[in-house]
Amino acid sequence: MTTQSYRLPPGPPPIRNPLSLLRFMLAFQGDFFGIIDGGFDQYGDSVTFEAMGSRTVILRHPEHIHEVTTRQADKFHKEWAAYKDPKKGMAKFLGNGLLTSDGEFWKRQRKLMSPAFHYRRIASYGEIMTAEADGLIREWAHKRETDVDHDMMRATLSIVARSLFHSDMSDADVRRIGGGMDVLQQFSSNPVAALLPAWVPLPSRQREAQALRDLDEVVYRVIAQHRAMGGDNGDLLWMLLDARDDDGRGMTDQQIRDELVTLFLAGHDTTANTLNWTWVLLAQHPEKEAKLHAELDRVLAGRTPTLADLKQLPYTDQVIKESMRLYPPAFTFSRQATADVQVGGYDLPKDTVVTVMSYAVHRDARWYPDPLKFEPERWTPEFESSLPKGAYIPFGGGPRICIGFNFALMEAQILLAALASRYQLRLKGAAPTPDPLLTLRPKGGLHMQVIPRTPQYVPAEDLSAVVAE
């Protein structure tokens with residue numbers, strides 16, 4: 001294809017100077033979803049944004065998304081600016097882990113790490129999840145209100161830390177890791193810093209440098225302790241230390257560090273936000289909450305759930321799936337074309353950035369009738385099988401689907417079932433708005449009333465009637 005022959009998707013006029021770009025980025029930060037949805041409404045399922053010589057095509061159609069993530073996945077890699085740039089991309093914190101790496105190195109790392117995320121292996125962490133849920137149940141017994149966002153972040157961070165590192169992390173270490181993750185969230189959404197050279201000494205960059213030092217000190221220390229121990233203590237870090245490729249080579253400390261920090265981000269932040277929005281939706285829809293309570297009371301009768309209980313909690317699973325549809329934690333992700341490629345009848349030249357809008361495709365009436373309605377009951381096996389590929393992507397899609405999605409789902413199900421069986425949560429004031437940082441967080445936290453409840457016995461025949469309504 002020559003430059004003149006490219007048939008790009010339509011879009012607004014290109015931005016050609018830095019001041020206009022800054023204005024746009026600030027407006028974008030203030031009304032991210034409004035601007036994106038306005039672009040789709042005006043131009044269709046594929047929209048081209050051009051700024052300062054760079055081109056981004058934003059997608060919301062399942063078929064086009066499936067082309068990028070699966071059918072033509074070999075023609076795309078992770079975007080340089082957002083992911084791989086060691087000064088301004090996520091690689092500054094995550095290094096060359098699964099989220100940021102590409103090519104043969106990514107394939108090797110994915111293969112090395114896959115055994116650590118086999119279902120039988122991660123099932124052994126169910127007891128850690130149950131214990132954390134028990135601790136939060138006891139803590140909420142002394143509260144009448146709480147910042148649920150803070151509690152969910154703390155609980156999921158503790159679960160990931162104990163699953164990764166067994167008992168080799170102190171509470172202070174866990175807090176330092178959590179602080180680093182918070183800085184990473186802000187780092188990803190700072191338009192001023194994105195435009196200024198990396199050497200400009202902004203206060204935010206000083207916080208980033210300290211967070212990076214904290215992450216490195218804690219993670220490298222625990223890696224060294226595990227290597228010195230020299231035995232399998234049952235945690236995920238040992239699995240990574242013991243992993244070998246076909247040539248008998250393992251991972252270096254740097255590679256393990258990068259994967260561990262990536263797992264911290266993927267394993268706690270996304271699950272915490274899934275639970276955050278689930279609590280908001282249940283508080284807004286008491287009739288759905290009642291169905292959830294009926295199922296939990298029938299199966300659990302007030303005890304904390306175990307992994308074995310999850311198969312008997314189908315409505316709990318439906319609630320989480322619907323929450324992730326309306327508020328996907330990873331609400332967007334991007335790739336960059338490594339060659340000229342065609343997607344959806346349009347030509348995308350090499351180096352075009354392609355941004356997939358999970359949030360938009362999940363709220364499209366073509367695939368989800370009454371798309372803004374919280375309707376867990378829609379998630380029947382028949383409905384799921386009828387969805388086009390690429391229409392439901394809370395964990396991404398194709399070969400790069402999140403390696404830890406089974407861990408995240410198990411974690412969300414156990415925490416939701418345990419806490420909802422013992423408490424109702426009610427919003428303090430208006431529902432929070434989504435804050436599109438690295439993940440989709442409730443802006444300003446999530447302040448809710450904590451109302452104890454006594455589980456009620458529900459006969460099986462009554463339960464089936466309630467859930468079927």
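Predicted model: local features only at pLDDT ≥ 70, side-chain atom pairs only at ≥ 80, totals over all residues.
Local features need pLDDT of at least 70 and side-chain atom pairs count only at pLDDT 80 or more, while totals for chains, interfaces and linings use all residues. Residues are numbered from 1 along each chain as its sequence is written, and side-chain values use heavy atoms, with hydrogens and water left out.

**View 1. Arginine 71 and glutamate 67 form a salt bridge (a side-chain nitrogen of Lys or Arg within 4 Å of a carboxyl oxygen of Asp or Glu).** Their closest N and O atoms are 3.2 Å apart. Both residues belong to helix H3 (residues 62-71), where four residues, about one turn, separate them. Helices are DSSP runs of H or I with at least four residues, numbered from the N terminus. Glutamate 67 is buried, at 17% relative accessible area. Buried means under 20% relative accessible area, exposed over 50%, and partly exposed in between (1.4 Å probe, protein chains only).

**View 2. Arginine 176 and aspartate 214 meet in a salt bridge.** The N to O distance is 3.1 Å. Arginine 176 is in helix H10 (residues 171-187) and aspartate 214 in helix H12 (residues 203-229), so the pair ties together parts 38 residues apart in sequence. Arginine 176 is partly exposed at 28% relative accessibility, whereas aspartate 214 is buried at 17%. A network of salt bridges links Asp173, Arg176, Asp214, Glu217 and Arg221.

**View 3. Arginine 325 pairs with glutamate 322 in a salt bridge.** The N to O distance here is 2.9 Å. The two residues are three apart in helix H16 (residues 314-326), about one helical turn. Arginine 325 is buried, with 0% relative accessibility, and glutamate 322 is buried at 0%.
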